[in-house]
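Student: I have not looked at this structure before, and I would like to go through it slowly. Could you take my questions one at a time?

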Amino acid sequence: MQIQDLPYPDPGVPDARSGPRFLWWLGRNQLGGQLRALAWGLLHFASVSALPFCVGLAVQAVVDRSGTRLALTGALLVLACAGNALGDTFLHRAAVTNWITAAARVQQLLARKAAQLGSALTRRVAAGEVVAVSTGDVEKIGWFVEAVSRFTAAALTILLVCVALIVYQPALGLIVAVGLPALALAVLPLLPRATRRADVQREKAGRATELASDTVAGLRVLRGIGGEELFLDRYRRASQEVRRAAVRSARMWSLISAIQVLLPGLLLIAVVWYGVHLARAGRITVGELVTVYSSVMVLTYPLRHFEEIAMAYSFSRPSAGRAARVLSLERTTEPQCASEPSGARGTEPESTGTPMTAAEADAPSDGLYDPATGLRAPAGRLTAVVCGDPDAAGRLAERLGGHSAGVRPGGSVLLDGVALDELPLDSARTAVLVQDKDPVLLSGSLRDLLDVPSSGDVTPQAALTAAQCGDVLAALAQSSVEAEDPMDVRITERGRSLSGGQRQRLALARSLITDPRVLVLDEPTSAVDSHTEARIAEGLRSLRAGRTTVVLTSSPLLLDRADRVVLIQRGRVAAVGAHRDLIRTEPRYRAVVTRETDEERAVSEVLNGEGTLSAPAAAPAQQEAAPRGVLEEIEETA
């Protein structure tokens with residue numbers, strides 16, 4: 001694989017059982033690139049190691065006054081220099097290719113896993129860890145993968161040179177052959193401590209990154225409550241902890257580097273001292289002494305790769321472990337409950353408050369059905385769901401889209417009678433689209449934002465009109481003097497230049513353009529005013545006519561335009577009907593939608609129970625409470 005051939009058509013199935021196994025899997029899958037780097041590395045290191053032999057032969061030729069041998073040695077020296085230049089050039093090329101392709105493979109694997117898990121990823125893995133894995137960890141893993149081939153070439157070269165020195169000059173060669181392995185292994189006792197310190201540094205850096213991500217994501221809220229300085233102080237303390245941990249880690253690695261410089265120097269002194277003694281005794285020639293001395297000098301270069309591979313592994317091992325933990329996560333599949341009665345599918349359970357009519361019980365079983373809650377969204381209809389608890393509504397929305405993080409007793413959601421978890425992931429994602437309550441807008445032009453996979457039946461203009469984005473387009477046009485078309489105006493990251501209501505409406509337009517079989521919207525109008533919300537409700541109903549739509553909301557404006565409304569209490573369907581009927585007959589529904597207090601609810605139940613105030617007479621009071629709840633919701637949104 002070359003850099004120009006990226007991305008991989010298929011990055012493969014990784015061995016994510018542990019960090020070392022993941023690194024081994026990466027190395028095996030890049031065996032071709034590793035062998036190329038090894039071959040060029042051997043040429044480079046062998047050429048460098050041949051230089052001392054050439055210098056020694058040249059010195060001895062001068063001493064012996066042999067012009068022929070001097071010329072031959074010069075030719076060998078030129079050949080060694082050419083091999084050095086060629087090997088170094090292509091070794092660097094192969095090493096960089098291995099680094100980039102390994103990092104790209106890991107990034108593709110992480111991107112595929114993120115797409116597979118969806119919103120469940122950030123619930124199962126800390127946000128800071130996800131950021132660390134997808135940025136710095138990928139580079140460290142690529143560093144180790146490419147360093148392996150260079151280290152192998154250096155180790156083989158050192159072995160060959162030691163053998164050659166023993167053959168060339170046994171007395172000095174034996175000292176070098178014993179001393180070099182000792183130099184390579186001398187730093188091993190320090191590596192565990194250095195690794196632990198590096199792990200502490202990365203752990204603190206991950207926490208600081210997570211704190212920074214959370215702070216940036218909630219910056220607007222922090223400014224609103226005056227909490228900027230508090231979080232800034234927290235980040236400063238976290239940053240200082242990272243700095244202190246980095247200094248402690250750097251001290252240990254500096255000690256290892258110092259040892260890698262000191263010990264070869266001591267070996268060199270020993271070789272020179274013993275070699276001079278042998279030369280004075282006439283046991284070796286001057287050329288042999290120069291050769292051995294130069295070889296020891298040159299071998300300090302490949303010896304540095306022992307330190308590099310130790311450092312690369314100590315840094316990449318925890319990085320690979322984090323990547324393996326993310327890649328080992330699997331999408332939860334929820335088997336159907338064996339005890340579920342055959343007639344349960346397609347109908348909600350009988351409400352403890354308001355029972356379903358026979359017409360509802362006999363409704364067709366197509367559409368979306370959740371056996372855990374008993375919720376059924378008939379095909380082609382607009383179903384509104386009232387939960388009362390925003391967190392419960394968010395979990396239900398994720399479950400309806402097949403993104404549930406854990407197994408629930410009821411089993412998988414059914415789409416037209418087929419378990420959503422049994423469908424291929426691409427098919428399930430295409431069939432059911434979930435827009436959560438805090439949708440993300442990617443940076444780029446508005447045209448790019450709305451360029452999403454779709455059926456082609458809904459145009460961007462129709463979606464923008466239904467989502468009431470006219471004022472958003474006007475604001476974008478005024479904010480940019482360069483772009484003539486509002487669709488070409490650039491939107492900042494996460495839409496931070498827009499208000500909350502504008503972001504919601506653009507996200508809704510993007511979802512409407514997709515035009516899925518089933519669209520699940522979680523509080524799509526919580527940040528817009530009531531007038532705009534009423535128009536959005538009408539536009540949504542009109543544009544999605546004949547398609548299955550589920551809206552989780554407590555807004556009376558949206559609920560009033562739904563074909564059917566479902567109230568969920570304590571994880572089960574409690575009531576089904578039209579909005580106005582439920583307001584009149586269902587106290588629990590009325591309490592959620594109109595924000596009725598416990599005292600008001602108790603008085604209403606007493607009055608209705610004693611017959612003092614009949615349902616028709618109570619209607620004006622309830623109708624008066626509904627606008628009050630809407631006003632309260634608007635005030636909270638503002």
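The questions and answers below concern this predicted model.

Student: How many disulfides does the structure hold?
Tutor: A disulfide is a covalent bond between the sulfur atoms of two cysteines. For C54, the closest cysteine sulfur is that of C81 at 8.0 Å, which is too far for a bond, since the cut-off for a disulfide is 2.5 Å. The number of disulfides in the structure is zero.

Student: Is C54 buried or exposed?
Tutor: A residue counts as buried when its relative accessible area is under 20%. The relative accessible area of C54 is 7%, so this cysteine is buried.

Student: Which residues of helix 1 are buried, and where on the helix do they lie?
Tutor: Helix 1 covers residues 19-29, and its buried residues are G19, F22, L23, W25 and L26. An α-helix has 3.6 residues a turn, so residues three or four places apart point the same way. Seen down the axis of helix 1, the buried residues fall within an arc of 160°, and they therefore line one face of the helix.

Student: What are the edge strands of the open sheet of four strands?
Tutor: The order of this sheet is 2-1-4-5, with antiparallel pairing. An edge strand pairs on one side only, and this holds for strand 2 (375-377) and strand 5 (418-419).

Student: Which residue in strand 4 stands opposite L368?
Tutor: Strand 1, residues 368-370, and strand 4, residues 414-415, are joined over two bridges in the antiparallel sense. Opposite L368 stands L415.

Student: At what angle to strand 1 does helix 12 run?
Tutor: Helix 12, made of residues 390-400, lies across both strand 1 and strand 2.

Student: How many residues of strand 9 are buried, and which way do they point?
Tutor: In a regular strand the side chains alternate between the two faces of the sheet. In strand 9, V518, V520 and D522 point one way, while L519 and L521 point the other way. Strand 9 spans residues 518-522, and the buried count is five of its five residues.

Student: In strand 10, what is the bridge partner of D522?
Tutor: Strand 9 pairs with strand 6 (residues 432-435) in the parallel sense over four bridges, and V434 has V520 as its bridge partner there. Strand 9 also pairs in the parallel sense with strand 10 (residues 548-552), over five bridges. The bridge partner of D522 in strand 10 is L552.

How values were computed: Residues numbered from 1 in each chain as written. Predicted model: local features only at pLDDT ≥ 70, side-chain atom pairs only at ≥ 80, totals over all residues. Heavy atoms only, no water. Buried < 20%, exposed > 50% of the residue type's maximum accessible area, 1.4 Å probe, protein only. Pairing = 2+ DSSP bridges. Contact = heavy atoms within 4.5 Å. Axes fitted to C-alpha atoms, helices over the stretch in contact; angles between N-to-C directions. Arc of directions from axis to C-beta.
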